Amino acid sequence: MKISVIDFETDPFLYQRTPRPFACEFLSDEFCEVFWGDDCHEQLAKFLETLSEPFFIYAHNGGKFDFHFLHRWLENPIKVINSRIVSAKMGIHTFRDSYAILPVPLRAYEKDEIDYTKMERDRREIYKEEILRYLHTDCVSLLDLVSAFVERFGDKLTIGSTAISEIKKRHPFIRATEPYDSVFRKFYYGGRVHCFKQGIVKGP
């Protein structure tokens, strides 16, 4: 399983502005490719077509942001959970949203600081070197995290499926059948907390 990461830099977020990408990096153990310009997403797509071996390509929060810059190239099967694209195909490659397995901001691990106004169209060329350094740090951090996760837990789509898999290793359990569920489902209430007995409860 070949692992890589991508990240986009875009126009700074402003009210009623649709941010457009202007820089992108593809990073793996073998490659570090940087694409600059309004067509950076197209450059990335063309580069991926040149790769002869399939990659799992992770982007942090990609399912709600980065992958949408690549929507014209995404193919089925596309898996969406809670309005987030968690997995999608693009030719021989598979895109994954790393936020689905690592639901924390990158800054919780390691992230540089930057003045986002430097990414405005009329300033970004002046600060290109700093922007690309910032972009690369994010990619390095994400690649470290994803590689460590996959090495430890394998190819998992979400943190939830990972948790169930790990629980089954330590505490085998039998899944409820349809008849069982139909009997007991009515007793489950979302968010309900009910103390049936107060004080120190000792055995039956």
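Let's start at N82, which is exposed, with a relative accessible area of 69%. Here, buried means under 20% relative accessible area, exposed over 50%, and partly exposed in between, using a 1.4 Å probe and protein chains only. N82 sits in the loop between β5 and β6 (84-90), and its phi is near 50 degrees, a positive value in a residue other than glycine.

Before going on, a word about what you're looking at. This is a predicted model, where local features need pLDDT of at least 70 and side-chain atom pairs count only at pLDDT 80 or more, while totals for chains, interfaces and linings use all residues. Residues are numbered from 1 along each chain as its sequence is written, and side-chain values use heavy atoms, with hydrogens and water left out.

Now step back to the whole chain. It has 4 helices and 7 strands, and from the N terminus on they run β-β-β-α-β-β-β-β-α-α-α. The chain is more spread out than a compact globule, because its radius of gyration is 22 Å, well over the 17 Å that the globule rule gives for 204 residues. Helices (H or I, at least four residues) and strands (E, at least two) are DSSP runs, numbered from the N terminus. As for the radius of gyration, it is taken over C-alpha atoms, and the globule rule is 2.2 Å times the number of residues to the power 0.38.

Along the principal axes, the C-alpha atoms fill a box of roughly 75 × 40 × 30 Å. G203 belongs to the segment after α4 (178-184) and counts as exposed, at 54% relative accessibility.

What about the inside? Buried residues make up 39% of the 204 residues. Among contacts (heavy atoms within 4.5 Å) between residues at least 6 apart in sequence, 58% join residues at least 24 apart.

Leaving out residues up to four places away in sequence, R96 touches F56, I57, Y58, A59, F67, V86, S87, D155, K156 and L157. With S87, the side chain of R96 also makes a polar contact of 3.4 Å. A polar contact is a pair of N or O atoms within 3.5 Å; within protein, one must be able to donate a hydrogen and the other to accept it, and residues adjacent in sequence count only if both atoms are side-chain atoms.

You'll find another such pair at helix α2 (residues 128-153), where T137 lies. T137 counts as buried at 16% relative accessibility, and its side chain makes a polar contact of 2.9 Å with the side chain of D112.

N61 is found in the loop between β4 (55-59) and β5, and has a positive phi of about 65 degrees although it is not a glycine. N61 is partly exposed, with a relative accessible area of 28%. Then, in strand β5 (residues 75-81), you come to P77, which is joined to N76 by a cis peptide bond with omega about 5 degrees.
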